[in-house]
Amino acid sequence: MSEAALAPFAWAVPKPYSRETMPPTTSGDAFVKWMVANRGESPHFLRQRFSRYQTLVANGDVLDDRNKRAFLLTPREEFTLEHHQGRAYDHAYLDIGFGVTISGPHVVSRMTSTIDVKMGEKVLEIGMGSGYQSAYLANLTDKVWTIEIIKPLAERTRGVYDALIARGYTEYTAITSKNADGYHGWQEAGPFDKIVVTCGIDHVPPPLLQQLATGGIMVIPVGPPGAQRLLKIIKEQAADNTIKVARSDMYGGRIVPFVPFTKLDGEAIKGTHNQR
Ligand SMILES: C[S@@+](CC[C@H](N)C(=O)[O-])C[C@H]1O[C@@H](n2cnc3c(N)ncnc32)[C@H](O)[C@@H]1O
């Protein structure tokens with residue numbers, strides 16, 4: 001699985017990336033025309049992206065213009081394996097090799113909208129995987145850190161970003177990545193305004209809570225294996241100056257299963273960080 005081919009794309013982005021521009025969304029045709037002229041992407045995938053966008057908006061998965069733009073400008077087909085490319089915009093998670101997955105577009109959009117990223121904020125992602133979520137985040141802020149525990153996957157995804165940057169996707173220079181166990185966060189780079197965790201665990205890792213800035217928001221799948229609920233966690237300072245942590249369920253109690261939050265033991269991945 002690990003050697004499965006990534007999609008082969010070669011064109012360069014025709015116009016420089018600008019954080020000010022928003023593609024038109026009045027119609028699919030207008031969107032595709034603008035994207036072909038400005039980003040040089042394939043009309044085939046652009047039509048699928050626009051159709052998925054319309055569903056995400058209808059379902060309340062993307063909540064504001066910044067997130068709408070981030071979804072529309074992120075070429076999900078670049079982050080899938082070649083044999084899954086035709087399903088890049090399906091309402092589904094997909095295998096990306098190494099026994100892990102790229103989350104469905106609805107989950108990525110909902111999680112990213114929930115942390116409400118503003119330009120200049122520092123965001124940490126635990127579980128880089130295919131790189132899609134951090135690519136999406138790079139359209140919202142110029143400061144993204146992401147950690148992946150599977151070394152060859154971390155290297156493959158770094159290669160995907162570097163190749164995309166070379167082709168003109170300069171927004172991805174915002175992403176700093178490393179291969180490590182994300183349970184411990186990224187102390188030297190913190191504190192973070194926002195944290196997004198994309199692997200499931202039965203508790204909130206204390207180092208991540210500690211590295212979340214006061215006023216910050218984290219989204220994290222918490223629960224027993226295969227039966228997590230997506231929690232939104234806000235770290236607040238109370239009137240008496242104590243730190244309070246408010247939790248709410250992003251999907252009103254619905255189970256959203258994620259791949260496990262695994263553990264690094266020396267160089268090897270052994271078991272998970274679950275406490276029970
Ligand atoms: C749902 S998948 C990837 C989703 C990813 N955000 C994307 O856009 O493709 C979750 C990822 O978390 C990684 N992971 C699991 N435990 C981890 C840990 N302790 N530290 C860092 N990454 C971890 C997995 O290897 C997997 O790649």
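Two strands pair if DSSP finds at least two bridges between them. Helices (H or I, at least four residues) and strands (E, at least two) are DSSP runs, numbered from the N terminus. Welcome to a predicted model, in which local features need pLDDT of at least 70, side-chain atom pairs count only at pLDDT 80 or more, and totals for chains, interfaces and linings use all residues. Residue numbers start from 1 along each chain as its sequence is written.

**View 1. The open sheet has 7 strands.** Their order is β5-β4-β3-β6-β7-β8-β9, with mixed pairing. β5 (175-179) and β9 (243-249) are at the edges with a single partner strand each, so one side of each lacks a neighbour in the sheet.

**View 2. Strand β6 (residues 192-197) is largely enclosed by the rest of the structure, because 6 of its 6 residues are buried.** Buried means that 20 or more other C-beta atoms, placed from the backbone, lie within 10 Å of a residue's own.

**View 3. β6 runs parallel to strand β3 (residues 123-126), joined by 4 bridges.** Here, look for E125 opposite V196 of β6.

**View 4. Strand β7 (residues 212-222) also runs parallel to β6, with 4 bridges between them.** F192 has L212 in β7 as its bridge partner. From β6 the chain passes through helix α7 (residues 206-211) to β7 in a right-handed β-α-β crossover (with the strands pointing away from the viewer, the path from the first strand over the helix to the second runs clockwise).

**View 5. β7 meets strand β8 (residues 229-237) in an antiparallel pairing of 6 bridges.** One place to look is I220, whose bridge partner in β8 is L231.

Key:
Buried ≥ 20, exposed ≤ 12 C-beta atoms within 10 Å, placed from the backbone.
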